[in-house]
Amino acid sequence: MSKLSAFSGNDDFCPGGSIYPNPKESSLFLPLSHYVDVCLPSRKRSRISSPFVFSEERFEQKQTSIEVLPDECLFEIFRRLPGGEERSACACVSKRWLSLLSNICRDEISNFKTTQETEGEDQDVEGYLSRSLEGKKATDIRLAAIAVGTASRGGLGKLSIRGSRGVTNQGLKAISRGCPSLKVLSLWNLSSIGDEGLSEIASGCHQLEKLDLCHCPTITDKSLLAIAKNCPNLTDLTIESCSNIENKGLQAIAQSCPNLKSISIKDCPHVGDQGITGLMCSASYSLAKVKLQSLNISDVSLAVIGCYGKAVTDLFLATLPNVSERGFWVMGNGNGLQKLKSFTVTSCRGVTDLSLEAVGKGCPNLKQFCLRKSAFISDNGLVSFAKAAGSLESLQLEECHRITQFGFFGSLLNCGARLKALSLVNCLGFKDLSFGLSSLSPCLSLQSLSIHNCPGFGDASLAVLGKLCPQLQQLDFSGLPGITDAGFLPLLESCEAGLVKVNLSGCVNLSDKVISSMAGLHGWTLEVLNLNGCGKISDASLVAIAENCMLLCDLDVSKCAITDSGIASLSCAKQLNLQILSLSGCYMISDKSLPSLGKLGQSLLGLNLQRCNGVSSNAVDMLMEQLWRCDILF
């Protein structure tokens, strides 16, 4: 204190010398007042500023946040995390962290192999997880979360995205980096997805096997070229309503994907003969399933299919306005469709009697044939096809209005010994005419017969049908008001094998007599019976069913004249094991049936009480409590 008192302006404050390396540097001094100067020695400025908070007692330093680190540093930290759980936990912190983690490729993780060993993961089972996003739930953030979260849990194998505007190329980029095991990708109604996103998928997901693109207008051939270059394992390609897909992309897929087995192209206006012919020629020995619909192709494409479709087993052609009779005729005579087993043709004006016969001759192993909306096929063409297709097992005709009873019964008489199922739907050319067939040769192989909404089919046709098809087990005569008891009873008596499934919905002229006879003759085999809309069916039919149909598991008596007494009869059956019972529209059923339905509920899995106006909501609530395992519609 004495020295301080004795200090003069000429003395040194520090005896050891000046504390300033250069006293002339006035910038080191901060003037606080006219009498005091404070020196701040020079030092290197810190990268991260450390702010101070003033309190009444002392200065306190704030805790610095990791968020101030640049993305490059966080990226290096994240890729060194020990396991998938840690990365998933970090992804939940913020969108920024999630974005960084989703941009880390698997090969950029420094300890990926060690992590796999410690977590006991097996690379052979990668790609078994499946995710489906639709509408507002599909966003880039959700895709990034999926990419990070599934990486340590077996890997994402199947991804489906439908109808979303929140998914962009950035979301697909995250999937490509985090899900290299992706094998199935489906993109529907995504206008914001373009070539950039799908190219990222191609570069990161080399195991891709199935690709489904529907209503993606911004995707072009550039995406298909990238898929062809990077995804050699592609086996299934579906393209629908992609207006910018052209021929070049399809040709590249066929040339670079040797395992391509299935191709489906629909409503792509820029796909023509060049793309289809190139596809068929390059994938001649691998392509098994071909579906072409609403395309601007001509007879040339069908001719190439007929010559080069050596491996094709399933062929679907629909709405090809530029294909004529010549195209189908050349395809049938090309001798290349030797392995074809299933063939479906819809709304193709080129299908005529002549071309159909050529197809039957040129496809010796054809087993299933479906023809829809054909205005040029007549009885003669159908009979000629039945003669030529000796291996045919299933024949379905829909809206072929030139087909009459003569073509129907002629095909039964001339088909091979393998025909098992025959179906006619909405064929308006039938007229219920009485005619006799001499020296009938029964079709012993036919087991399933479906005649749906063909109003001209009636009792006269049933009389002939009973003689031709004695081995029927499945009958579908829905929507045939011309059928009565007189025509149906002889058919029941002629079915020797025993009916298993019977659908008579809409046959308004059938009565209890038919059902009682059916229960007596076929109750030991009957499993499914549909009487929806048969207004003449009453409780007497349920009594016969309860007594004879021990195997019946599905019964539909909707809109029938059923009362509480009929339900009581069903509940008293000793061996009945109903699982599905539909009473929709039975207005004469009341709350009195509640105990009977409770008894039936011991085996019921589904009960339909819709539009049963006599049943109260309170009774249904009590029934739901009692039949807790049964789905009840009310």
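Some housekeeping. In this predicted model, local features need pLDDT of at least 70 and side-chain atom pairs count only at pLDDT 80 or more, while totals for chains, interfaces and linings use all residues. Residues are numbered from 1 along each chain as its sequence is written, and side-chain values use heavy atoms, with hydrogens and water left out.

The chain has 23 helices and 24 strands. Both are DSSP runs numbered from the N terminus: helices are H or I with at least four residues, strands are E with at least two. Of the 634 residues, 49% count as buried, meaning under 20% relative accessible area with a 1.4 Å probe, protein chains only. Take contacts, that is, heavy atoms within 4.5 Å: among those between residues at least 6 apart in sequence, 80% join residues at least 24 apart.

Now the strands. Strand β6, residues 156-162, pairs in the parallel sense with strand β7, residues 184-188, over five bridges; pairing requires at least two DSSP bridges between two strands. In this pair, I161 stands opposite L187 in β7. With helix α7, residues 169-178, the two strands β6 and β7 make a right-handed β-α-β unit. Right-handed means that, with the strands pointing away from the viewer, the path from the first strand over the helix to the second runs clockwise. β7 and β8, the latter residues 210-214, run parallel and are joined by five bridges. There, W188 stands opposite C214 in β8.

Next, helix α10, residues 247-256. Why is α10 largely enclosed by the rest of the structure? Because seven of its 10 residues are buried. Those buried in α10 include L250, Q251 and I253. The buried residues of α10 pack against α9, β9, β10 and α11.

Further along is helix α15, residues 379-388, whose buried residues include D379, L382 and F385. The buried residues of α15 pack against α14, β14, β15 and α16.

Last, a helix pair. α11 and helix α12, residues 299-308, pack at an angle of about 5 degrees, with their axes 9 Å apart. Axes are lines fitted to C-alpha atoms, for helices over the stretch in contact, and angles run from 0 to 180 degrees between N-to-C directions. α11 and α12 are therefore roughly parallel, the term for angles under 35 degrees. Among the residues that meet are I276 and M280 in α11, and V304 and Y308 in α12.

Note on methods:
Buried < 20%, exposed > 50% of the residue type's maximum accessible area, 1.4 Å probe, protein only. Parallel < 35°, antiparallel > 145°, perpendicular 65-115°, else oblique.
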